[in-house]
Amino acid sequence: MCENCDIDTLVILYVTNEQIDVLAQKLNEKQFYFTRISGSGGFLNYPNSSLLIGTTKSRIDELKSLVKIYCQRRTTHIATQTHIESYPHHSTPIIVEAEVGGATMHLVNVDHFEQF
């Protein structure tokens, strides 16, 4: 429980589920506490999560460092299905290269924080 916290920033962090478990463990070790909201979407419809993190402005750089270490982008190859017009019942897989992973971070100023 966070007593006498001086929370002045809400961080909204979007992370793919394949990267979130290690990040969440490291955030807990560094005493960043968060709420996790699961979801999916984006171009590849990858499962992802949003983390709501209450913190102070003085810890933002520390948080960014953790995110940069544990949420790196990478390139992968994904098979897609296409239909040939003259053979509508046959599908031909096409391999496409896609960038996955990484994180998106939004910072919101907090005017008031109370914990009960």
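Here are a few friendly notes on this predicted model, with the ground rules at the start.

1. Residues are numbered from 1 along each chain as its sequence is written. In this predicted model, local features need pLDDT of at least 70 and side-chain atom pairs count only at pLDDT 80 or more, while totals for chains, interfaces and linings use all residues, and side-chain values use heavy atoms, with hydrogens and water left out.

2. On confidence, the protein has an average pLDDT (the predictor's confidence in each residue, from 0 to 100) of 83, and 78% of the residues score at least 70. Helix H2 (residues 60–70) has the highest mean, 96, and strand S5 (residues 87–101) the lowest, 68. Helices (H or I, at least four residues) and strands (E, at least two) are DSSP runs, numbered from the N terminus.

3. Have a look at Thr9, which lies in strand S1 (residues 9–16). Thr9 counts as buried because its relative accessibility is 2%; buried means under 20% relative accessible area, exposed over 50%, partly exposed in between (1.4 Å probe, protein chains only).

4. Leaving aside neighbours within four places in sequence, the contacts of Thr9 include Ile53, Gly54, Ile60 and Val110. Contact here means heavy atoms within 4.5 Å.

5. Beyond neighbours within four places in sequence, Ile53 is in contact with residues including Thr9, Leu13, Leu27, Phe34 and Leu63.
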